Amino acid sequence: TYTFWQNQYYRGVTDGGAAVSASTIQGYMHQLYLLTIRNSDRTDLIVAGTTYFKYYWDSLVAIQRITSAEDGATGFKNIAFYGPGGQADVMYDSSISATRMYFLNTDYLFFEVHSDANFVALEPRESTNQDAMARPIIFMGNLTASNCARQGILVA
């Protein structure tokens, strides 16, 4: 019922009218980037799966400019996306779905740690099948978001 809190969602075929490809991905990224902006808040990190990262990378070949011999010899550390009023680093992550691209505003993402379980050592325990002792160390944490409406996802 609280739709103002939901993240932004952009579907290539449904919202854009065509499948996501190297020729359409920049337009779709611009649309989603605009949806995540409010005042000076904007996406600063884009994480893409294999297919969408390759589409974006392929879409940049025509405008690629190598300004130093060092960059040309070693490749690029990251790719940038330029939207209205800012830029976001585009990173590849092999562990997410190949046809997903996450638009993140890291100002609203936090890693919360439980105060009673922040790498706390418990009492030593004796092993039942060997001459040894083990001391468990516990940790509890969670990634939280305070403004999901400034986050987005691009899907097929």
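**Notes on the predicted model**

1. Tyr 33, Tyr 56, Phe 81 and Phe 103 are linked into a cluster by ring pairs. Rings of Phe, Tyr and Trp (its six-membered ring) pair if their centres lie within 6.5 Å; planes under 30 degrees apart count as stacked, over 60 as edge-to-face and the rest as tilted.

2. This is a predicted model, in which local features need pLDDT of at least 70 and side-chain atom pairs count only at pLDDT 80 or more, while totals for chains, interfaces and linings use all residues. Residues are numbered from 1 along each chain as its sequence is written, and side-chain values use heavy atoms, with hydrogens and water left out.

3. The protein chain has an average pLDDT (the predictor's confidence in each residue, from 0 to 100) of 89, and 90% of the residues score at least 70. Helices (H or I, at least four residues) and strands (E, at least two) are DSSP runs, numbered from the N terminus. Where pLDDT is low, the predicted coordinates should not be read in detail.

4. An open sheet with mixed pairing is formed by six strands, in the order S1-S10-S5-S2-S4-S3; two strands pair if DSSP finds at least two bridges between them. Strands S1 (8-11) and S3 (79-83) stand at the edges with a single partner strand each, so one side of each is left without a neighbour in the sheet. S1 and strand S10 (residues 152-155) run parallel and are joined by four bridges. Arg 11 stands opposite Val 155 in S10.

5. The structure holds nine aromatic pairs. One of them, Phe 111 with Phe 139, is stacked, at 6.1 Å centre to centre and 15° between the planes. Phe 111 belongs to strand S6 (residues 109-121) and Phe 139 to strand S9 (residues 137-145), so the pair ties together parts that are 28 residues apart in sequence. Phe 111 is exposed, at 52% relative accessible area, whereas Phe 139 is partly exposed, at 33%. Buried means under 20%, exposed over 50%, and partly exposed in between (1.4 Å probe, protein chains only).

6. Gln 151 is placed in the loop between S9 and S10. Is this residue, Gln 151, buried or exposed? Gln 151 is buried, with a relative accessible area of 7%. Its side chain reaches the backbone nitrogen of Asn 105 at 2.8 Å.

Technical notes. A polar contact is a pair of N or O atoms within 3.5 Å; within protein, one must be able to donate a hydrogen and the other to accept it, and residues adjacent in sequence count only if both atoms are side-chain atoms.
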